[in-house]
Amino acid sequence: MTESEKSKTELKDFELEIARCIHCKACTIADAANPKGGFEVGCPSWSAMEWEAYSGGAKLWLARAILDGNYKLDTDAGDLLFRCSTCGQCEEQCENELPTVDIIEAMRAEAVKAGVGPLDKQIGYSKATEIKRNPYNEEHASRTAWVPKEFKLKDKAEVIYFVGCTASYRLQELAVSTMRVMDKLGADVTVKEDEWCCCSPLIRVGKLDLVKDYVKHNVELFQNAGAKVVVSSCAGCFRTMKRDWPKYYGLLPFEVKHSVNYIAELLESGKAKLNPLKGIKATYHDPCHYGRHVAHLIKDRKEKAEWFEVPRKILRILLGDNFVEMPRTKENAWCCGAGGGARAQFPDWTLDTSIERIKEAEETGATHLVSACPFCETSLQLAIEKSESKLKMVDLIQFVEDALE
Ligand code: SF4
Ligand code: SF4
């Protein structure tokens with residue numbers, strides 16, 4: 001991220017970028033730069049609505065019209081602006097390197113100011129986040145109810161595990177596995193009971209009034225606990241800490257890592273050894289927030305390619321040739337459809353998008369679908385059930401737990 005990108009949150013901050021969209025529509029497909037031709041579809045919103053207005057590029061033209069005073073934000077704008085999972089496919093495919101996701105989010109913030117957003121189903125989780133510190137409307141006091149008895153939470157530790165709302169309240173087995181793996185690897189790790197939502201669900205829909213206070217609370221909580229590293233097992237929290245928190249806080253006083261990276265480093269240093277897993281053939285779903293969204297910060301092409309390899313290196317150790325790829329993968333991955341407030345507001349569209357991913361995974365012949373984001377996993381799991389697929393959904397950390405010597 002450049003210095004100027006770090007502080008941009010308002011639509012007018014992106015005036016120059018918005019003017020640079022040349023309406024080429026490359027942002028609608030995946031692997032657009034491939035001279036042999038890319039994939040037919042990459043943007044889930046454009047694909048489902050079959051109308052160009054839903055593409056990333058068209059949203060930039062809408063942004064231009066809003067800035068020029070030629071488009072009034074009213075309720076008609078709601079569907080165009082919010083039926084988008086902010087998957088970042090458009091941002092990745094744009095040869096003009098236009099930050100479409102940041103612009104879409106800034107446009108949503110304008111919609112919130114105009115009283116158009118968040119949309120009706122997104123209001124509930126926004127209010128819950130304000131009152132209960134989590135979008136699931138669960139009691140804040142029970143946030144760490146998942147912590148197994150064998151772990152005594154400490155006041156101070158070098159590594160803080162930022163659990164996130166989804167693993168705290170909905171996918172608690174992921175939180176348990178992450179804690180067990182980190183403990184087994186000898187990390188001086190703890191969880192803070194007063195952790196608040198990372199604010200991803202709010203930022204993605206342009207509801208920004210709470211964000212600064214929540215970010216400050218979390219940063220200071222971890223800083224006072226002596227954190228050198230904050231590790232997240234959720235791609236959404238990870239993206240938000242990495243790409244959004246510095247906009248609201250400035251330079252963070254600790255490093256931020258996804259659990260996949262944390263473990264990959266320990267494996268490389270020889271501190272951890274994994275046994276191969278038998279009888280499993282798996283494919284990997286790149287979460288948009290771990291993949292494209294964080295890769296956007298990496299300007300060097302080789303480093304960017306290596307970023308997408310991190311989870312794959314672990315999968316190759318675990319599975320060898322039984323790790324197989326889907327056609328749309330890495331920077332071209334098809335989204336699960338849940339991000340950007342879409343799952344709350346458009347559950348049917350999210351489900352269709354997830355089912356398309358499940359079908360793509362099934363075609364590889366895999367028995368397991370692996371990912372690294374509890375939010376993707378709950379959406380893909382629902383799609384597995386609804387489509388009566390035999391695939392088993394797992395988080396990479398759960399494979400690692402099974403394989404640790
Ligand atoms: S956002 Fe980029 S890829 Fe999409 S139409 Fe504009 S210039 Fe082309
Ligand atoms: S962020 Fe994803 S869903 Fe939204 S316009 Fe871009 S490609 Fe389409």
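This is a predicted model: local features need pLDDT of at least 70, side-chain atom pairs count only at pLDDT 80 or more; totals for chains, interfaces and linings use all residues.
**Whole chain**

Start with the whole protein chain shown as a cartoon. The chain contains 20 helices and eight strands. Turn to the C-alpha trace, which spans about 60 × 50 × 40 Å along its principal axes.

The accessible surface amounts to about 17100 Å², and 50% of it belongs to carbon and sulfur atoms. Of the 405 residues, 60% count as buried. Among contacts between residues at least 6 apart in sequence, 77% join residues at least 24 apart.

Colour by charge if you like. There are 55 positive and 62 negative charges, and their mean positions lie 2 Å apart.

**First stop: the sheet with β1 to β4**

Select strands β1 to β4. They make an open sheet of four strands, in the order β2-β1-β3-β4, with parallel pairing. Which strands stand at its edges? They are β2 (189-190) and β4 (255-258); each has a single partner strand, so one side of each has no neighbour in the sheet.

Next, select residues 159-162, which are strand β1. Two bridges join β1 to β2, and the two strands run parallel. To find one of the paired positions, show I160: its bridge partner in β2 is T190.

**Second stop: G186**

Is G186 buried or exposed? With a relative accessible area of 59%, G186 is exposed, because the cut-off for exposed is over 50%. Draw a distance from G186 to G226, C-alpha to C-alpha: the two are 40 residues apart in sequence and 17 Å apart in space.

Select R83, in the loop between α5 (77-82) and α6 (89-93). Its relative accessible area is 16%, so R83 is buried, since buried means under 20%.

Move on to strands β5 to β8. They form another open sheet of four strands, ordered β6-β5-β7-β8, and the pairing is parallel. At the edges stand β6 (323-324) and β8 (392-395), each with a single partner strand, so one side of each is left without a neighbour in the sheet.

Select β5, residues 282-284. On one side, two bridges join β5 to β6, with the strands running parallel; there T283 stands opposite V324. Three bridges join β5 to β7, again parallel, and A282 stands opposite H368 in β7.

Finish on β7, residues 368-371, with side chains shown. H368 and V370 point one way from the strand, L369 and S371 point the other way, and all are buried. From here, β7 pairs with β8 in the parallel sense over four bridges. To see one of these positions, select S371 and its bridge partner in β8, D395.

Note on methods: Residues are numbered from 1 along each chain as its sequence is written. Chains are lettered from A and ligands numbered from 1 in the order in which they are written. Side-chain values use heavy atoms; hydrogens and water are left out. Buried means under 20% relative accessible area, exposed over 50%, partly exposed in between (1.4 Å probe, protein chains only). Contact means heavy atoms within 4.5 Å. Accessible areas come from the Shrake-Rupley method with a 1.4 Å probe; for residues, only the protein chains shown count as cover. Lys and Arg count as positive and Asp and Glu as negative; His and the chain ends are not counted. The place of a charge is taken as NZ of Lys, CZ of Arg, CG of Asp or CD of Glu. Two strands pair if DSSP finds at least two bridges between them.
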